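I opened my notebook to look at aromatic rings and what surrounds them. Here is what I looked up, entry by entry.

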Amino acid sequence: MKFDWEQYNKWDAWGKDIIIDWLSSQGHTMVHNPDKYGIDLYSDYEGKLYLWEVEVSTRHVWTCKDNYEPEAVSFLGRKKKWAEWPFYYCIVCSETESIVLCSSSVIYKPEYKQERYVVSRDCVDVFYHVPKELCRWVS
């Protein structure tokens with residue numbers, strides 16, 4: 001699978017900043033991430049450590065569950081490698097800065113698993129399609 005450095009460089013820090021701002025507004029304190037190749041963010045809330053994975057969506061435009069077009073939210077299967085430590089998977093809309101998030105304990109269930117051919121990468125990839133109602137939406 002080909003990694004798109006141009007897209008990564010354009011959106012990675014921006015998406016993380018959106019999540020950091022939101023977490024801070026919710027009372028979380030950001031914690032240093034010891035592994036720049038691991039999960040994206042760590043935060044502390046009332047003495048409990050939380051892990052956060054961040055993606056940016058440039059394909060869909062939404063502000064809430066009601067105007068999110070697909071009936072399910074698609075999460076990348078390759079992030080399942082971190083599911084032994086429960087984490088929250090966040091997707092930020094590039095146009096509205098809205099966030100959809102879900103716990104890895106909800107996402108990575110066999111009933112949500114789908115394999116699809118991805119034209120841009122010329123390969124079959126694994127996705128988990130979670131019903132919108134099971135996700136949290138932040139405008």
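**Notes on the rings**

I began with two residues and looked up their burial: tryptophan 62 is buried, and tyrosine 68 is buried too. I keep in mind that this is a predicted model.

Next I asked myself how many aromatic pairs there are. With ring centres within 6.5 Å as the rule, the count comes to twelve aromatic pairs. I then checked tryptophan 62 with tyrosine 68: the ring centres are 5.2 Å apart and the planes stand at 80°, so I noted the pair as edge-to-face. The cut-off I needed for that is planes over 60 degrees apart.

My next entry is tyrosine 108 with tyrosine 128, an aromatic pair that is also edge-to-face, with 4.8 Å from centre to centre and 75° between the planes. Where do the two residues of this pair sit in the chain? I found tyrosine 108 in the loop between α2 (104-107) and β7 (113-118), and tyrosine 128 in strand β8 (residues 123-131). They are 20 residues apart, and the pair links distant parts of the chain.

Are these two tyrosines buried or exposed? Tyrosine 108 has a relative accessible area of 10%, so I wrote it down as buried. Tyrosine 128 has a relative accessible area of 3%, so I put it down as buried as well. I also found both in a cluster linked by ring pairs, together with Phe75, Phe87 and Tyr89.

Last, I looked for charges over rings. Lysine 81 lies over the face of tryptophan 82, 4.7 Å from the ring centre. Arginine 116 lies over the face of phenylalanine 127, at 4.2 Å from the ring centre.

Key: Residues numbered from 1 in each chain as written. Predicted model: local features only at pLDDT ≥ 70, side-chain atom pairs only at ≥ 80, totals over all residues. Heavy atoms only, no water. Phe/Tyr/Trp six-rings, centres within 6.5 Å; stacked < 30°, edge-to-face > 60°. Buried < 20%, exposed > 50% of the residue type's maximum accessible area, 1.4 Å probe, protein only. Helix = DSSP H or I, 4+ residues; strand = E, 2+ residues; numbered from the N terminus. Lys NZ or Arg CZ within 6 Å of the ring centre and 35° of its normal.
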